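User: Can you walk me through how the ligands sit in this model?
Analyst: Gladly; here it is.
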Amino acid sequence: SHLQRNTQISIVPLLRSEKRLQDFEELQRKASIKSLFKEGQPSYESVFSDATCPELFPRDWKIDNLIITTKTYQTKDALAPFMKFLHPQTNVMLVQNGLGVFEVLNDEIFLDYKPNLFQGVISHGIFHESGFSFNHAGFGDLKVSRLPSKDPQSIVQTKELVETDQKNNELVKVLSQPDFIQGLNVKHLTYQEMLLGQLEKFLVNACINPITSIVDCINGELRDVAGPIFSSIISEALDVLKIAYKPLFDYKPENDNFPNLDVAGVLNRDRMLDFVLKIGCIVNGTNSSSMRQDVVNLRETEVDYINGYIVKLCGKLGLGPDYCKTNQTIETLVKLRLGLNRGRAKYGDQRKKE
Ligand SMILES: NC(=O)C1=CN([C@@H]2O[C@H](COP(=O)(O)OP(=O)(O)OC[C@H]3O[C@@H](n4cnc5c(N)ncnc54)[C@H](OP(=O)(O)O)[C@@H]3O)[C@@H](O)[C@H]2O)C=CC1
Ligand SMILES: CC(C)(CO)C(=O)C(=O)O
């Protein structure tokens, strides 16, 4: 919606099915967003000149730029039907929480070639109202960067690469248009800067998303009561991330180009607890987290790409199960909550009386 409204280009939403496309067409391809954080909570509409779905995608079209904003676990199925329309120069950007999606795409989808890959990390809070109307509950930011093309361990990019992309890369040029940058507080970063922001956001999600889902509450309700469980989640996750992302934790900027890239100063327990409470429970205090929205609506969640990813990393790194007990328990409780909600929807009060 922000791209459609704040840039000179036409966005073509790729809906999942003809049914969903029809739903969108019946609303004249309009999406509306209410800015809850603004005085008077103004709404604005974005009208899309086109939209399509896999079945109706024009066979002679090619996809030069693709932004994926599905939930992590939906990415592979969403991308698969469009792969025949991509090409090696296609720019693909994932704007999602969590970690591990690109590994799935590299292992299972990008088999013949890898397009230009970008990652977006977004801390704006938004929840669905009805139809294609949404509530923008918390104004955060959107960090974007190009992913390392060759060795994923080589995290260091130069500022010149960012500037070159902002001049020459079609997708990055659009995301660099002033109105869009202002509209979503966009920051174009090197990979090492973005990765730091991604791990920081990962810890926000590892705390806010599962706990709001398990106890069924709005983000801000946790503000004064969830410190102990957040500290346990953060401490354990940081111990694992320090090993898994050692190149970032060992990274020392050679020059003053990166004055804020103090990884140890950013990713430390005490600061991260304050940051989680600020972004999760204050900036986005009125938001229903995306994971709570999933369990309330009986949908699968992203916990496998958040707390579950810490468990997966432990396995990959050969660390014992004691390294991830807290996150494993949190993952299990989210899945219990989803199962409970689905059971209540299916059986009503019957199970309470058996
Ligand atoms: N909501 C929030 O406050 C925040 C969310 N995020 C992250 O952003 C990402 C998206 O979250 P969010 O927007 O909340 O999720 P939603 O579930 O609200 O939106 C996901 C969208 O993807 C669409 N989709 C799913 N499968 C397909 C498919 N096969 N083809 C086409 N479209 C498909 C869904 O379509 P349909 O409508 O048909 O189901 C839906 O519109 C997640 O990683 C989340 O963690 C990050 C920061 C904050
Ligand atoms: C920032 C936060 C926690 C907002 O709820 C979010 O990322 C989400 O809900 O997925």
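Analyst: In this predicted model, an oxygen atom of ligand 2 is 2.8 Å from an N or O atom in the side chain of N287, a polar contact being a pair of N or O atoms within 3.5 Å.

User: And how much of ligand 2 does the protein bury?
Analyst: Taken alone, ligand 2 exposes 280 Å², and the protein buries 95% of that, with accessible areas from the Shrake-Rupley method with a 1.4 Å probe.

User: What are the distances for N219 and N209?
Analyst: For the side chain of N219, an N or O atom is 3.0 Å from an oxygen atom of ligand 2, while for the side chain of N209 the distance is 3.1 Å.

User: Which helix gives the largest share of the shell around ligand 2?
Analyst: Helix α8 (residues 191-215) does, with four residues; helices are DSSP runs of H or I, at least four residues.

User: Switching to ligand 1, which residues come nearest?
Analyst: Of the 20 residues around ligand 1, R16, R20, N97, I126 and E302 come nearest, where a residue counts as near if one of its heavy atoms lies within 4 Å.

User: How far is E302 from an oxygen atom of ligand 1?
Analyst: A polar side-chain atom of E302 lies 2.5 Å from that oxygen atom, and the protein buries 78% of the 900 Å² that ligand 1 exposes when taken alone.

Methods: Residues are numbered from 1 along each chain as its sequence is written. Chains are lettered from A and ligands numbered from 1 in the order in which they are written. This is a predicted model: local features need pLDDT of at least 70, side-chain atom pairs count only at pLDDT 80 or more; totals for chains, interfaces and linings use all residues. Side-chain values use heavy atoms; hydrogens and water are left out. A polar contact is a pair of N or O atoms within 3.5 Å; within protein, one must be able to donate a hydrogen and the other to accept it, and residues adjacent in sequence count only if both atoms are side-chain atoms. Helices (H or I, at least four residues) and strands (E, at least two) are DSSP runs, numbered from the N terminus.
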